[in-house]
Amino acid sequence: MEKIMLLLLALAQPTPADDKPDATALTDIHKRDLSCVAAFAIVASEQERGIESALSYPLLTERGRTYAGQVGERVMVETGRSREQVRDAILTAVADQQAKVKNVAEPQEVVAEEMARCLPLLETELPAKPKPTLNQCAAMMQLAYEEVYRREKLSKMAQDLKTLAFVLDSRARETMREEGKSGNESDVILTQIREDMSVRRKDQSELDIDHCFALAAPKKKEQNFEH
């Protein structure tokens, strides 16, 4: 549930509108959108835990949080509900989504049906960003580490970024080595990408950063089915 609550943080801040008494009923569209927010939150939580079935869907951490905020703001404006009321409506929707798969023989089929209904809405409202290459991810994570280190020294965030940068850099070099590139060539390529991205920081925000975390995820060990 941790990731679900993170996705709802955009709706959790109190505002002067929180005590509006004249809220109108939710429309079918509102209910549909809130249900999709809940579905995305659950799948994002499973993706963070590395559940394989959830990883077959687009990564939803960043886009799911943004979608939740947009839907919540729209529901508040159109119904007069407070942030707290909308947040409670989403938590109810989360419980409803979880109830749908409880005691079901094939829960993933239920999830697949929900995602088939909701993902087109997400694509319409928040088109997916282009996925960065492995080399770009290695460069971006290194730049992110250096920036946080300058600000916080070896804080927990800086240490995590340093680890991710190391993993991505190692995998990028391994891939280039398999392509026949020398160590010096790899150095030049990665240095050039870092320099370009350092100059054009805005370009990084236009890429799907979540994809970098997927590329840095631990590789699955081959299973041995022999007894």
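**A helix crossing, up close**

Reply: Let's start with the handedness: H6 and H8 cross in a right-handed way. Keep in mind that this is a predicted model. Thirteen names are coming up, so here they are by helix. H6 brings Asn135, Gln136, Ala138, Ala139, Met140, Gln142 and Leu143 to the contact, while H8 answers with Ile189, Leu190, Ile193, Arg194, Met197 and Ser198. Sorted by class, that contact between H6 and H8 has eight nonpolar, four polar and one charged residues.

Now for the geometry. Two packed helices are described by the angle between their axes and by the distance between those axes. Here, H6 covers residues 134-152 and H8 covers residues 183-199; their axes come within 9 Å and cross at roughly 60°. An angle like that makes H6 oblique to H8.

In soluble globular proteins, nonpolar side chains tend to be buried together. The largest nonpolar core in this model has 27 residues, and the ones touching the most other members are Leu34, Phe40, Val43, Leu60, Tyr67, Met115 and Leu122. Helix H2 (28-48), H3, helix H4 (83-101) and helix H5 (107-125) each give two or more residues to this core. H2 supplies the largest share, eight residues. Another core lies apart from it, with 21 residues, and among them are Ala138 and Ala139, two names you already met on the H6 side of the contact with H8.

Let's zoom in on a few single residues. Ala68 sits in helix H3, which spans residues 61-79. Its relative accessible area is 0%, so Ala68 is buried. Ala68 and Ala41 are 27 residues apart in sequence, yet C-alpha to C-alpha they are 8.6 Å apart in space.

Over in helix H4 you'll find Val86. Val86 has 1% relative accessibility, so this residue counts as buried. Val86 and Gly72 are 14 residues apart in sequence, with 6.3 Å between their C-alpha atoms.

Gln97 is in helix H4 too. With a relative accessible area of 8%, Gln97 is under the 20% cut-off and therefore buried. What does Gln97 touch, once you set aside its neighbours within four places in sequence? Gln97 is in contact with Ser35, Ala38, Ala39, Ile42, Glu114 and Arg117.

Note on methods. Residues numbered from 1 in each chain as written. Predicted model: local features only at pLDDT ≥ 70, side-chain atom pairs only at ≥ 80, totals over all residues. Heavy atoms only, no water. Axes fitted to C-alpha atoms, helices over the stretch in contact; angles between N-to-C directions. Helix = DSSP H or I, 4+ residues; strand = E, 2+ residues; numbered from the N terminus. Parallel < 35°, antiparallel > 145°, perpendicular 65-115°, else oblique. Left-handed = near helix turned anticlockwise from the far one by under 90°. Contact = heavy atoms within 4.5 Å. Nonpolar A, V, L, I, M, F, W, Y, C, P; charged D, E, K, R; others polar. Buried < 20%, exposed > 50% of the residue type's maximum accessible area, 1.4 Å probe, protein only. Core = buried A, V, L, I, M, F, W, Y, C linked by side-chain atoms within 4.5 Å.
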